[in-house]
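Hi there,

Here is the structure I promised to pass on. Please open it alongside this note, and I'll walk you through what turned up.

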Amino acid sequence: MDLIYNVEDKPALGQLIAFAVQQLLAIMAATLAVPVIVGHGMSVAAALFGAGVGTLVYLFFTRGKSPVFLGSSFAFLGSMSAAFAGSASMQAGYLGLIIGAFFAGFVYVVIAFIVKKVGVAWIEKLMPAVVIGPTVSIIGLSLASNAVRDLLTGSVKVMVKGESVALAHPLICLLCGLTALFVTMLCSTYGKKSMRLIPFIYGILAGYGISVIFTIVGYCFHIDALKVINFNVFNSLFPNGRIALKSFVSFPDFTFLQIKNGFSQFNVSYLGTIFAAYVPVAFVVFAEHIADHKNISSIINRDLLKEPGLHRTLMGDGVGSMIGAFFGGCPNTTYGESVACVALTRNASVATIKAAAIAAIVISFLNPFVAFVNSIPSCVMGGVCMALYGFIAVSGLKMIQHIDLGDNHNLYVVSVILIAGIGGLTISFGTVTLTEVACALILGIITNKMLSYKHI
């Protein structure tokens, strides 16, 4: 792929800010969703701060040679819930989040030392292009249902028989989401200068704009089917109905500040629960780490497993996850949305990722921006994510475009991975769940080795 900005390039200040905001918008919804799903009072602002800090740590370890943003990992949702479920108090649960992230990060650090010692040749043999290509595609395809579901969903919801139901009509949401998608595609394909470089921002603003019109009409004429945007998220800007300092800035509720007396309720049994909940998942995310870096390598035409080296990307991911969780509670991981953003905009500048990380830290203190991002309706993000997730899927398929699928060996490997991943095969062991990406990858490795005897 011909890049507009390569890894070492530094865009002009105005473009850099726009690129950074685009990266943030690409990863923010998922990053903020993790603490919301886990609940227990976890702070979305703290999670955003942790993602920014974790990304800066990652860039430090990778010597600024890998343009990837780290965000809250969905793979650890069960682990984080287990930290609270097995704790004697809320404070101990927050402490469990930090210790669990350190366990997971330590797994990465150990593997990094092993890779540093023995190299990455074994990874190439274990996961060649015929295995890793369709696995990368699954990362995008496994998220397809999320994008489509969001595309038909508004953000104004009510409780009906104990379930949260969106008020806006699916066709209205579809129109808003497709507006975001179409504007993104048109800007990326035919746009000039900034329109082509930051299509996501234009797409989101266009989708948001039409959503605002529908929502205002809906409230003015009492038509629930037109109420797409939940403006109540802006109420947090006016504590007690007044404009105050908190309307503009506030200090995130960092995880380490929530521990308080957590140590007094911590015991060996709970430590074992945390270990069992986090460590196995770390090995699963390790596989996804490799897939993501293979993907970004194909996009920027550089093998990141060799330079800066897998040991450095693992160290950055592991240590970044530890430090990020210390502030935000969520273990971090490389984001497919970030990789897709690089692919779509053809901007691989690490300066952009660094600026996005710094912006995430700053914005976590700015309530108006956090409120605005939270107000972007699901359908608008769903429209944009159709492009993002599609790019991930296509980039994986490009890895196997020169592989002979007439050879049954290759055909079966690719087939098994695609069907297992698209079919949503998952396996659970207590609180530990192997995701469809992990299951597809493991099956692909087994199939590849089983059918490789004739090539020996």
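Below are the overall picture first and then a few places to look at.

A word on the ground rules: this is a predicted model, so local features need pLDDT of at least 70, side-chain atom pairs count only at pLDDT 80 or more, and totals for chains, interfaces and linings use all residues. Residues are numbered from 1 along each chain as its sequence is written, and side-chain values use heavy atoms, with hydrogens and water left out.

**The whole protein**

The protein has 18 helices and six strands; these are DSSP runs, with helices being H or I of at least four residues and strands E of at least two, numbered from the N terminus. Its radius of gyration is 22 Å, close to the 23 Å that the globule rule gives for 456 residues, so the protein is as compact as a globular protein of that length. (The radius is taken over C-alpha atoms, and the rule is 2.2 Å times the number of residues to the power 0.38.) Along the principal axes, the C-alpha atoms fill a box of roughly 70 × 60 × 50 Å.

Buried residues make up 55% of the 456, where buried means under 20% relative accessible area with a 1.4 Å probe, protein chains only. Of the contacts (heavy atoms within 4.5 Å) with a separation of 6 or more, 80% are between residues 24 or more positions apart.

**Helix H13**

Do look at helix H13, residues 336–345: 10 of its 10 residues are buried, so this helix is largely enclosed by the rest of the structure. Among these buried residues are Glu-337, Ser-338, Cys-341 and Thr-345. Arg-346 follows H13 and has a positive phi, near 55 degrees.

**Thr-215**

Thr-215 is in helix H10, which covers residues 199–220. With 0% relative accessibility, Thr-215 counts as buried. Its side chain reaches the backbone nitrogen of Val-228 at 3.1 Å, a polar contact (a pair of N or O atoms within 3.5 Å; within protein, one must be able to donate a hydrogen and the other to accept it, and residues adjacent in sequence count only if both atoms are side-chain atoms). Leaving aside neighbours within four places in sequence, the residues in contact with Thr-215 include Val-228, Ile-229 and Phe-231.

**Phe-234**

Phe-234 sits in the loop between H10 and helix H11 (268–300). Not counting residues up to four places away in sequence, Phe-234 touches Tyr-208, Ala-371, Phe-372 and Ser-375. Between Phe-234 and Asn-374 there are 140 residues in sequence but 8.9 Å in space, C-alpha to C-alpha.

Best wishes

Conventions. Buried < 20%, exposed > 50% of the residue type's maximum accessible area, 1.4 Å probe, protein only.
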